[in-house]
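Trainee: May we go through this model together, one question at a time?

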Amino acid sequence: MFLLASVSASGQSQQQAIDESEPGWYRIYKFKGAKESRKANDRFYSIAQLSIRDSLTNWMQASYLPKAGIGDVQRIVIPEVNLYSPYNAALPQGCGAVAYIWNVVYKAPGKLEQMQGTQTAWTVEANAVPGWPIRDFSTTRQYYFTMPSFEKISVGMEAVKKEQDLSNVANLKPYSTFWLKNIEAGNGTEYVLLSKDNKSPFRKITKGEYLQLLDDAILRAYEKEKKSILEKNGGNQKNIDYFTKYLDEKHAKRITALRAGKSKYKDRLAEIAETSFAQPDVMIENYTDIFEGNDPQSSRYPIYTIDPAVVERCKTDKPQWILSSWNWNPMSIKEKHMHESIINNFNFDYVYNFFFDPAKVKGQLYKPKRSPSQKEIVVVKEKSEAAKKLELDKTIHFFDDYSTTAIGKKPVGWYAKTTGVGAGCMVTSVDGVSGQWALLAGNRIVSTDLKKPLPQNFTLSYDVMVPENFTWGAKGLLMILAKEKTGGVNESFIRLKLRPGSGGANGEAEVETLFPSGYANGTKWLVATGFSNNKKINRVAVSIKKSGEMLQVFINKEKIVDYVKAMPTDMAFNALSFEMGRSDNDVEKYYISNIKITKE
């Protein structure tokens, strides 16, 4: 761990300062190409092959400036063969570069340092193979794999599929893009494949090939397990006979199941093989059908391999394909920025032409599609007439109707966190409703223009809308008015959650308070009269009044709670935020505007 950057966190929470920081790279390498060949994993890598790594490293660093994280690049050769994956010996020879981006944290005032174990990777490799190995089928001579994606869309996966879809990215349209599921976790990986004339190097095998693979794999499994029995039991013939009998019975069942499969599919051997398992195995005695498993309606996964002639060509100086891969979480500022930098900045066209049509870029140096240091210009519009008028009113402490923000942009004067579907809070208009509104759909905004502290006595008011058919039971809208000790750490607060009812029924309100001992602490569950989801526009006006120790909350001018002794008279609030924890579809969203704090 060492010093990375000095950042001023004045007026910001530490997390906000980190999210907006650009620590960048540990080092910009500017490699000049390999000087000598090398041998690794019983493979010979030429100077030309190793120089590919240098080019990829330089291009990646030229296209991306890490934000909210610190980056470094490692040059690699592939494949990596180890005790647990001997079948990797059958993978094509290649090389590439991996950019690792770590989270950062404050370790001293104004000083950012790397957090170990938080790295996110972006990889660009020549001749790399995606997907998941089929361990029972793959050998040191031939590699087989699956590429599970969105074969079956479960609840909540619709949003994931939408956010991971790269098919409409202009920079990637000429190339093959896909998302592969991590079958051992809940996430997945984006891929962009560059290959000559966009022809995939990966071949789907037939049912006939699959059945032959099973034949060979079953025999290998039998011999391997028999050898293990002999080794584990030494000269104990009784144990050897016992376990061998069980093994023989299991093997006989597999052979019977295989024969049945061969008979059933004898006239369909040329069809593409698809199984119900992302990692099929030899345990076919447990299933009614070799390809369908026990469920004819389950997902289907083709089996891929790479022809030996293609693998052999990968040993030459010229790469046969280039594979770029990364995984990202849209809730992470660091990862979302990396994702956007890759799809918008990295010059896939240049990379393709450099390797597969070099005449088009002869004599040209690499340039990213868009400079990674390019900053979005924040356009501040003229205030609305209402905002101008209130600006002259000395009783108005704060007002925002989002009129100064351009439609489709993050609200000016607010720190906006990204959402679970890859979008930040933006300002929009709503048909049939005047003014502009901040749209919250699984995200959070914090006022950075709030004059601090608030007056001792005030009324905070704001308008809230939800669309028709807002999902009953979806996440509520939180308003948090707090006294922060330090950025982002609440010492005291008022937390109001609103959620609409359904079909004309009243909505729900929840008021939570945290104040010094002797004052209001805890949660009250209340009715939000008139707040439902049955109209095209469902709008309510909220106001929170503090006067001395008293706290009152109103919805559409109807008082829903009254604390006589809520907080100390001199309570000094200094933070205002709005939040919706999660949005699962297009109707689960809140619109807020006309946020006003009036001195009393």
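Predicted model: local features only at pLDDT ≥ 70, side-chain atom pairs only at ≥ 80, totals over all residues.

Trainee: In what order do the seven strands of the open sheet lie, and which are the edge strands?

Mentor: The pairing in this open sheet is antiparallel, and the order is S19-S22-S31-S24-S25-S26-S27. An edge strand pairs on one side only, and this applies to strand S19 (414–416) and strand S27 (522–528). From one strand to the next the twist averages 20°. The edge strands are thus S19 and S27.

Trainee: Which residue in S31 is the bridge partner of Ile 445?

Mentor: Strand S22 (residues 444–447) and strand S31 (residues 575–580) run antiparallel and are joined by three bridges. Ile 445 has as its bridge partner in S31 Phe 578.

Trainee: Which strands pair with strand S32, and over how many bridges?

Mentor: Strand S32 (residues 590–599) has seven of its 10 residues buried. Strand S18 (residues 396–400) pairs with S32 in the antiparallel sense over four bridges, with Asp 400 partnered by Ile 595. Strand S21 (residues 433–440) runs antiparallel to S32 and is joined to it by three bridges; there Leu 439 stands opposite Tyr 591. Strand S23 (residues 458–467) is likewise antiparallel to S32, and the number of bridges is seven.

Trainee: Is the ring pair of Tyr 100 and Trp 102 stacked, edge-to-face or tilted?

Mentor: The whole structure holds 37 aromatic pairs. In the pair of Tyr 100 and Trp 102, the ring centres are 6.2 Å apart and the planes stand at 40°. Planes under 30 degrees apart would count as stacked and over 60 as edge-to-face, so this pair is tilted.

Trainee: Are Tyr 100 and Trp 102 buried, partly exposed or exposed?

Mentor: The cut-off for buried is under 20% relative accessible area, and that for exposed is over 50%. Tyr 100, at 25%, is therefore partly exposed. Trp 102, at 14%, therefore counts as buried.

Trainee: Over which rings do Arg 75 and Lys 565 lie?

Mentor: The charged end of Arg 75 is 3.9 Å from the centre of the ring of Phe 31 and sits over it. Lys 565, at 5.2 Å from the ring centre, lies over the face of Tyr 519. The rings are those of Phe 31 and Tyr 519.

Definitions and conventions:
Residues numbered from 1 in each chain as written. Heavy atoms only, no water. Pairing = 2+ DSSP bridges. Helix = DSSP H or I, 4+ residues; strand = E, 2+ residues; numbered from the N terminus. Axes fitted to C-alpha atoms, helices over the stretch in contact; angles between N-to-C directions. Phe/Tyr/Trp six-rings, centres within 6.5 Å; stacked < 30°, edge-to-face > 60°. Buried < 20%, exposed > 50% of the residue type's maximum accessible area, 1.4 Å probe, protein only. Lys NZ or Arg CZ within 6 Å of the ring centre and 35° of its normal.
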